[in-house]
Amino acid sequence: MSYHPSRLTHFHGLPVHLLDADGEEGTGAELPAPASVAWRLSTEWDVPFERRWNRFLDRVRTDEVVALVVGAWWEEWDEHGIEPVLDLLTAEAHRFPRLRAVFLADVVSEESEISWIKQGDVSRVLRAWPGLCELGLRGAEDLVIEPLRHEALRRLRVECGGLPSEPVRALAACDLPALHHLELWLGTGWYGGDCTAADVRALLAALDRSPGLRHLGLCNSDIQDEIAAAVAAAPVVAGLDSLDLSMGTLSDEGATALLSGQPLTHLRALDLGHHFMSEEMARRVREALGPHVPDLGLGPARRSTHRPEERYVAVGE
């Protein structure tokens with residue numbers, strides 16, 4: 001299985017639609033209904049992002065738009081991160097009263113490696129749209145999340161090769177009462193992922209303020225064993241329907257912590273894919289949880305033939 005992010009085809013339950021550089025005039029195709037798609041805006045070929053954004057404002061009834069996807073925004077090299085794009089978006093927030101979902105940096109490796117993507121203060125998006133239900137983003141360099149309360153946010157997804165500790169601590173200080181789905185790719189220290197087990201434990205404790213949380217993903221980490229141990233003792237897990245600890249360096253140590261911790265048999269899905277457990281431990285997990293968890297992911301990571309003991313995260317650079 002490949003874990004590397006690909007370009008979104010659907011977002012917020014809607015097909016992703018790229019607005020043509022010329023607003024699709026002269027192509028014979030009509031624009032889709034504003035609320036029927038997630039509109040993707042991206043710098044492509046010789047079309048600067050700001051030109052596409054202005055064309056979008058001119059051609060689409062933005063008061064009906066519910067989802068936006070931001071692709072690549074740089075023309076040659078990204079020196080400033082996504083802040084100029086956030087300036088454009090938030091300056092026109094009043095024109096998007098029905099906006100419910102935003103994805104920032106729908107970028108694939110041909111455009112930029114995930115570790116090179118420069119984010120910014122994404123709290124600006126949450127403040128600009130109090131009714132936003134879903135926020136997704138890719139990349140974590142220069143990522144800022146400020147502690148805040150947001151009444152509507154249900155889904156938050158951060159894909160990266162290394163998530164700094166500051167955003168994780170800030171999330172622990174946020175109050176997100178409607179949160180239903182949280183997925184964080186914590187990554188590796190080689191690419192800025194300096195989040196600690198203590199940071200994870202603080203976040204797990206803070207999630208008690210989100211009583212509706214049903215999915216939790218703490219993925220792609222080079223401290224996956226410590227994360228597993230923290231999860232095994234976290235009260236928030238009892239209310240989950242699904243738990244994702246995939247893509248990281250989970251070994252027998254972390255799996256033992258999961259099996260000896262609180263019950264996980266209430267889960268509908270548990271993803272431990274890309275793991276480094278021994279065959280014996282994987283068998284124990286399958287026997288203990290397989291009869292109870294309908295969707296149990298236990299696909300092992302591909303091991304190096306030269307250094308089979310080496311463990312690595314699924315997505316780094």
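## Overall architecture

The protein chain contains eight helices and twelve strands. Its radius of gyration is 20 Å, close to the 20 Å that the globule rule gives for 317 residues, so the chain is as compact as a globular protein of that length. The model is a predicted one. Among contacts with a separation of 6 or more, 73% are accounted for by residues 24 or more positions apart.

## Surface and charge

The protein chain exposes about 14100 Å², and carbon and sulfur atoms supply 50% of this area.

The twelve strands form an open sheet with mixed pairing, and their order is β1-β2-β3-β4-β5-β6-β7-β8-β9-β10-β11-β12. At its edges are β1 (10-11) and β12 (295-297), each of which pairs on one side only. Strands of a sheet pair through backbone hydrogen bonds, in either a parallel or an antiparallel sense.

Strand β4 illustrates the pairing within this sheet. On one side, β3 (residues 38-41) and β4 (residues 67-70) pair in the parallel sense over three bridges, and Arg 40 stands opposite Val 69 of β4. Strands β4 and β5 also run parallel and are joined by four bridges; here Val 69 stands opposite Phe 103 in β5.

## The two faces of strand β4

In a regular strand, the side chains alternate between the two faces of the sheet. Which residues of β4 are buried on each side? Ala 67 and Val 69 are buried on one side, and Leu 68 and Val 70 are buried on the other, so that both faces of β4 are covered.

Helix α6 (residues 224-232) is mostly covered, with seven of its nine residues buried. The buried residues are Gln 224, Asp 225, Ile 227, Ala 228, Ala 230, Val 231 and Ala 232.

These buried residues of α6 pack against both strands and helices: β8 (181-187), β9 (215-221) and β10 (242-244), together with α5 (197-206) and α7 (252-260).

## Ser 123 in helix α3

Ser 123 belongs to helix α3, which covers residues 123-128. With a relative accessibility of 1%, Ser 123 counts as buried, because the cut-off is under 20%. Apart from its neighbours within four places in sequence, Ser 123 is in contact with Val 144, Ile 145, Glu 146 and Leu 148.

## Leu 163 between β7 and α4

Leu 163 is located in the loop between β7 (155-159) and α4 (165-173). Its relative accessibility is 2%, and Leu 163 therefore counts as buried. In sequence, Leu 163 and Gly 187 are 24 residues apart, while their C-alpha atoms are 5.9 Å apart in space.

Which residues does Leu 163 touch, not counting those up to four places away in sequence? They are Ala 140, Leu 143, Val 158, Val 168, Leu 184, Trp 185, Leu 186, Gly 192, Gly 193, Asp 194 and Cys 195.

## Loop residues with positive phi

Ala 105 has a positive phi of about 75°, although it is not a glycine. This residue, Ala 105, is placed in the loop between β5 (101-104) and α3. Ala 105 is buried, its relative accessible area being 0%.

His 274 is likewise not a glycine and has a positive phi of about 55°. The loop that holds His 274 runs between β11 (269-271) and α8 (279-289). At 6% relative accessibility, His 274 counts as buried.

Note on methods
Residues numbered from 1 in each chain as written. Predicted model: local features only at pLDDT ≥ 70, side-chain atom pairs only at ≥ 80, totals over all residues. Heavy atoms only, no water. Rg over C-alpha atoms; globule rule 2.2 N^0.38 Å. Contact = heavy atoms within 4.5 Å. Areas by Shrake-Rupley, 256 points an atom, 1.4 Å probe, with all protein chains shown as cover. Buried < 20%, exposed > 50% of the residue type's maximum accessible area, 1.4 Å probe, protein only. Pairing = 2+ DSSP bridges.
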